[in-house]
Amino acid sequence: MTQTAFFVLVALTDEPRHGYGILQEVDSLSEGRVQLRIGSLYGALDRLTEDELIELDREEAHQGRLRRYYRLTDEGEAALSEEAERMAEGARTATRRVAARRPAEGGRKRSAGGRRRPGLAGGGA
Amino acid sequence: MSSLLEKRYRLVLRMLPRSYRERREEEMVDTYLEEFDEDALDEVRPSLSEVASIAALAVRTRMGSAGAPARYAVAGATVRLFALLSILIHAGRLLTNNAITVAWMAGAPVEDRRMYLQSLDDFSLTGIIGSICQWVLPLGWVVAYAALARDRRRAARVAAIVAAVPFVWTIVDPRWFGGLSGFDIATTAFAWLTALAVCCGFHDDAPATRLPLAPPGLALMTVCVLMGLWNVSMTPSVDFAGPEVSIWCVAGLLWCVARARREVAALEPPLSLALALVGVAVLAERMSQIGLIMDGGGLGEEPMPVMWGQTALAVLLVGITGVSGALAARRVTREDPARETGSAVG
């Protein structure tokens, strides 16, 4: 799952949102780190709709233009939950390895073992 | 009344296919304009990053991303197969040529070897850049091929562009000014079309694409062996395009057999269209080389009957694959009118 798709799914967990609403929510959730452009947003919405992870909730007229609201499907919720668990497992592994590395560093300089990079079970979204 | 910004943004959206705009334009305009104050609507322009994101979406949509009409799905699959087959040819040619050069160096007379090494002994800036272009960067074809085999598309895009750079150097190298041949232009165009196809076809949303009929490693090894055999059997002539045309003819004949046995039905029409496109690129190299020889640019030992016979077979196969692919594409587009209109969103 791409980072964009992950944040779009998270943005739709609490309520159906329209395009701009999703942009704002993603910006807020990522604390400004993920700045979605319109092209990226609609590319992700197309993919998530095709994969049936989100669906159209309703359409409204807004200042003479069409506004579509999207909601998370049950499949989307399951996919998001699975991805979140995978990421959390990766974060737990990283935390464990960093904690285990600290005492070893106090007694000696960098050993061959200490130079090994921690392997993440999960990874980026 | 629509604002200046809205008009400008709608102009940007015209990069998208019409069917996509019919589904999404109003919604995208609403999403975009929501960010701006009423007062600013006549004073700002869409930013470059917004325009770039729409351009990327336009390419992805035309390359058969999610929900794309049937004809774009066919176009995308064709471009991806074209990229894969072309990279296979480029990688095979590079490995074969390097292997033959090393083998020749090992057994060449001392005087010939010294003369060859002297040609690399140019430590001027252009000489160093030229050497890097000649020996290091083309390895990008092999890297791109391996990356695509593992579906590492970002790495494949970078490697393909890196591999295509030396072809630009061929054109800008001052030694070529006034002497650039049609063959140089044809090979440069083929290389950059390949890189472009990799960049456009293998976007992050594209489905995985694999070579038909053979695993990637076996396919590359077979191409190298066949190219090597052709080179050795044609010695002492220097037939630069011959190995590629031979490989393409073998692929075209294999396609005819597989099609007769209905083994590639699931890959049609993209496979036949991609083969035809690669065939056109390879034939362009072949014809430009023949033109060079006719103009007196050859070494005088080229087996012209073999070259003409090979070219005739390639032209015939390009015709068969191209017509077959075009007819199948027309059938697929007609059979999928629902997606063609692109009416459904959710």
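In chain A, an open sheet of 3 strands is arranged in the order E1-E3-E2 with antiparallel pairing, where strands are DSSP runs of at least two residues (E) and helices are runs of at least four (H or I), numbered from the N terminus, and where two strands count as paired if DSSP finds at least two bridges between them. E1 and E2 of chain A stand at the edges and have a single partner strand each, so one side of each is left without a neighbour in the sheet. The model is predicted, so that local features are reported only at pLDDT of at least 70 and side-chain atom pairs only at pLDDT 80 or more, whereas totals for chains, interfaces and linings use all residues. Residues are numbered from 1 along each chain as its sequence is written, and chains are lettered from A, with ligands numbered from 1, in the order in which they are written.

Strand E1 (residues 17-18) of chain A is joined to E3(A) by 2 bridges, the two strands running antiparallel, and Arg17(A) has Tyr70(A) of E3(A) as its bridge partner. E2(A) and E3(A) are likewise antiparallel and pair over 8 bridges; here Ile54(A) is partnered by Leu72(A) in E3(A).

Most residues other than glycine have a negative phi. Gln63(A) is exposed, with 9 other C-beta atoms within 10 Å, on a scale in which a residue is buried if 20 or more other C-beta atoms lie within 10 Å of its own, exposed if 12 or fewer, and partly exposed in between, the C-beta atoms being placed from the backbone. Glu52(A), also a residue other than glycine, takes a positive phi near 60° in the loop between H3 and E2 of chain A, and is partly exposed, with 13 other C-beta atoms within 10 Å.

Between the chains, 20 residues of chain A are in contact with 24 residues of chain B, contact meaning that the C-beta atoms of two residues, placed from the backbone, lie within 7 Å. On the chain A side, the elements that give two or more residues are helix H2 (19-29), helix H3 (38-50), strand E2 (54-62) and strand E3 (65-72), and the largest share, 9 residues, comes from H3(A). By class, this side has 5 nonpolar, 7 polar and 8 charged residues, where Ala, Val, Leu, Ile, Met, Phe, Trp, Tyr, Cys and Pro count as nonpolar, Asp, Glu, Lys and Arg as charged, and the others, Gly among them, as polar.

In chain B, helix H10 (residues 216-234) and helix H11 (residues 242-260) pack at an angle of about 130°, with their axes 9 Å apart. The contact includes Trp230(B) and Met234(B) of H10(B) and Pro243(B) and Ile247(B) of H11(B), and by class it has 8 nonpolar, 3 polar and no charged residues.

Key. Axes are lines fitted to C-alpha atoms, for helices over the stretch in contact, and angles run from 0 to 180 degrees between N-to-C directions.
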